[in-house]
Amino acid sequence: MCTTCGCGGGELKIGGKPHQHGHNQGELRFRRPNHEHDHTHDHGESTRRVQVERDILDKNNTFAQDNRGYFAAHGIFTLNLVSSPGSGKTTLLTCTIELLRGEMPVAVIEGDQQTSFDAERIRATGVPAVQINTGKGCHLDAHMIEHALEDLKPADHSLLFIENVGNLVCPASFDLGEAHKVVILSVTEGEDKPLKYPDMFAAADLMLLNKVDLLPYLSFDVQKCVEYARRVNPRIQVMLTSATSGTGMDEWLGWLRNRGA
Ligand SMILES: Nc1nc2c(ncn2[C@@H]2O[C@H](COP(=O)(O)OP(=O)(O)OP(=O)(O)O)[C@@H](O)[C@H]2O)c(=O)[nH]1
Ligand SMILES: [Mg+2]
Ligand SMILES: [Zn+2]
Ligand SMILES: [Zn+2]
């Protein structure tokens, strides 16, 4: 269940398999032998809801800490890509993978409510990917990532991208154990989004303003957008990118090499 919008339920699938509760395989279970599942239900009373919310986020943070420890132990640099649907996350990823070919191992965890389209797009580049389908859920949580890691087993010293479910609200609250959240905003969405959805921009360390190749056809005010993002988060770094024309890819790759090192 989502603490923010109350969504959830439905069938969670990781790598095409339903989520099993017998956590007896794989190395990750040793990190959390009493790995528990969240069976709390929200009955709608507000005080209870606050408690449930706190419980869910506390539990998530425990898993996130485990994931963070795992990434540190294996030298894996992990980024959590967050945005509304269709901002260009997967296109940016396939482009990034091509440009980094031969430089460092890359792996991807894909999150969508349904379909394995995005994982298939990633695998077509030759990079391993695991698809998580959240069913009715609107975001990835750290527990799902732990399971996806059991399947994916990213190489030591690799770059791991987690493409979150397209949603500019709920993924902001869930730490997955990543080094940074990267928010992708496409210029077709309007420059006001950082003010309308401030939590996501506050949680991110980097904003990629994507699809800038379309700027000549729009009335999107880049300066205003950057100003709005900095109003919400004065430390946020901003890069203008286009996955289709290649604009800004050098700067983005430079950031990845720099931070990942
Ligand atoms: N013009 C232009 N189109 C882009 C760019 N990046 C992506 N697109 C297009 O935008 C659409 C959505 O791209 P995706 O990469 O699937 O977006 P996404 O964020 O992964 O989408 P979800 O996973 O469904 O949230 C596709 O039609 C892409 O071809 C870009 O830089 N410029
Ligand atoms: Mg995608
Ligand atoms: Zn939600
Ligand atoms: Zn589990």
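Ala, Val, Leu, Ile, Met, Phe, Trp, Tyr, Cys and Pro are counted as nonpolar, Asp, Glu, Lys and Arg as charged, and the others, Gly among them, as polar. On this basis, the shell around ligand 1 in this predicted model divides into three nonpolar, eight polar and seven charged residues. Of the 18 residues around the ligand, Lys 89, Thr 90, Thr 91, Asp 213 and Ala 243 come nearest. Helices α2 (89–100) and α3 (117–123) each supply at least two residues of the shell. The most come from α2, which gives three.

Several polar contacts to ligand 1 can be listed by atom type. A nitrogen atom of the ligand is 2.7 Å from a side-chain N or O atom of Asp 213. An oxygen atom of the ligand lies 2.8 Å from a backbone N or O atom of Ala 243. For Lys 211, a polar side-chain atom lies 3.0 Å from a ligand oxygen atom. Taken alone, ligand 1 exposes 650 Å², and the protein buries 71% of that.

Strand β8 spans residues 206–210, and five of its five residues are buried. Leu 206, Leu 208 and Asn 210 point one way from the strand, whereas Met 207 and Leu 209 point the other way.

Strand β7 (residues 180–186) runs parallel to β8 and is joined to it by five bridges. Here Ile 184 stands opposite Leu 208. Strand β9 (residues 237–240) also runs parallel to β8, through four bridges. In this pairing, Leu 206 stands opposite Gln 237. Together, β8, helix α7 (residues 222–232) and β9 make a right-handed β-α-β unit.

Conventions:
Residues numbered from 1 in each chain as written. Chains lettered and ligands numbered in written order. Predicted model: local features only at pLDDT ≥ 70, side-chain atom pairs only at ≥ 80, totals over all residues. Heavy atoms only, no water. Buried < 20%, exposed > 50% of the residue type's maximum accessible area, 1.4 Å probe, protein only. Pairing = 2+ DSSP bridges. Right-handed = clockwise from strand over helix to strand, strands pointing away. Near = heavy atom within 4 Å. Polar contact = N/O pair within 3.5 Å; in protein donor to acceptor, adjacent residues only side chain to side chain. Areas by Shrake-Rupley, 256 points an atom, 1.4 Å probe, with all protein chains shown as cover.
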